[in-house]
Amino acid sequence: MVDVVRIPKLGLSDYGDLVAWETDTGNRVERGDVVAVLESDKASAEIEAPESGVLLEQYVEEGEEIAIEVGKPLAVIGEEGEAVPSLAELEDDGESDEGPAGAGEAASNTGTGSGDDVAANGGAATPDVKATPRAKRRANEADVDLAEIDGTGPQDAVTEGDIEDFLESGDGAPAEGSDESDADAASATDIKATPRAKRRAEEDGVELSRIDGTGPQGAITESDVEAVASGADADRSDASATASDETTADGLTVTEARTLTGARKTIAERLSRSAREKPHVMGTRDIGIERLEEVKDRLEEKGVDVSLNDLILHFVGRTLEDLPEFNAHFEDDDHRLIDEVNVGYAVDSERGLMVPVIDDVPNRDLEELASERRRLVEAVLENEHSSSDLQGGTFTVTNVGVFDMDVSYSIINPPQVAILALGRRKQIPVERDGDVEFERAITFSLTIDHRVLDGADSGAFLERLAEYLEYPGRAFDAV
């Protein structure tokens, strides 16, 4: 009996790329050998062989974007010549592997048939139909009636695969649709597109047949759909065509065309989505730092090794405690204020912008905070960070001063509601009693999600932060 190489619990994003197979089919592997590498916007993860044997089959192609779901089969290991199961068989087994809990969730719908079940799972969920949780979510997304589908899962429960088969068969198309809609449904089944791209196309009413895919093997990605939906497809198509001809539309020579892949591609998609969906508003304020620098010097004299950034992070944590509406997520129309104050600290790495998270910032002493920040930055720069290092952020700080910039209009890291950017240290003119003097300051730029925060909130945040930074002695019990 073969052993299945499945995706373990990794804490990665919903989607990512299988960036490499570390061994080919037909090769022998030992238990614990790395057989594949996954990569999302958050981190890379190595997938190990669960048992020793011959790698009989790979179900995902190298470079392919996939849904990173726990239990998703990637390959099988067994004895040479052993029968290889189909991917559909393994996926159904995976549904069965959910065991009593999964079956229980499916059975709960049959047991009560309560209105709560229906409300919780959307109008498409049918109380007297068994279905796995993933199937119910997919049915709601696609507005499919579960009662129309024959389940192939445990106890005849409808699986996510059953719904995909139902949709691809065209049975999910509107019953009274025109010839045109029937043709669209049929043609859609011939088009290679990621699941997320299909959902996005459905949401935006975009025909997949209009789109040239830029993903692996020409698959249509979500960003391809977004480009068409935003009207940018014409420009992008032109650029693509000219790039292949090694000239731009106006005849300029293209020396190199770099297609976004892996983490860089995911970062681009996430930030594009954030900029599109969140109404960003930015406010700035120059805050003097001379007293803060004096504090840093006094700490160094006492043998406490902290940087100016560490002190700023500490006081950002205190500000977030004082103004919890900024220490929050915005999801499903809810502004969720969060108890933990976990500050993400943006780091420019070779693999793109990474945001490791320093948890419990206000309650760490300064040395501990500084040590953790240095550890995380080094881990990201050496690509030795774990996925857990990048999780759980409630607010983000980015330092653009290292690039000699004063101000940054930063994009909020979703689902957070604000991001703070630090500019470079500089001299600014200050009027005192009719005389103009110069003092060292930093421009802080705060970008907020205007759906849940207003300009007055932004002003209050910067005012509170300025109180801490310009008069740090008032809160100097941290050391």
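User: What should I know about the numbering and the values?

Analyst: Residues are numbered from 1 along each chain, and side-chain values use heavy atoms, without hydrogens and water. In this predicted model, local features need pLDDT of at least 70, side-chain atom pairs count only at pLDDT 80 or more, and totals for chains, interfaces and linings use all residues.

User: Why is Val 407 called partly exposed?

Analyst: Buried means under 20% relative accessible area, exposed over 50%, and partly exposed in between (1.4 Å probe, protein chains only). Val 407 has 35% relative accessibility, so it counts as partly exposed. Its place is the loop between strand 16 (395–399) and strand 17.

User: How do you know that the length of helix 11 agrees with its residue count?

Analyst: The expected span is 1.5 Å times one less than the number of residues. Helix 11 (residues 290–301) has 12 residues, so it should span 16 Å; its end C-alpha atoms are 17 Å apart, which agrees.

User: What makes the buried residues of helix 11 line one face?

Analyst: Leu 292, Glu 293, Val 295, Lys 296 and Leu 299 are buried. The arc is taken from the directions from the helix axis to the C-beta atoms. Here the buried residues fall within 155°, so they line one face of helix 11.

User: What covers the buried residues of helix 11?

Analyst: The cover includes helix 12 (308–322), helix 13 (366–381) and strand 17 (418–432). Contact means heavy atoms within 4.5 Å.

User: Which buried residues does helix 5 have?

Analyst: In helix 5 (residues 160–168), Glu 160, Asp 162, Ile 163 and Phe 166 are buried. Their arc is only 160°, which puts them on the same side of helix 5.

Conventions. Helix = DSSP H or I, 4+ residues; strand = E, 2+ residues; numbered from the N terminus.
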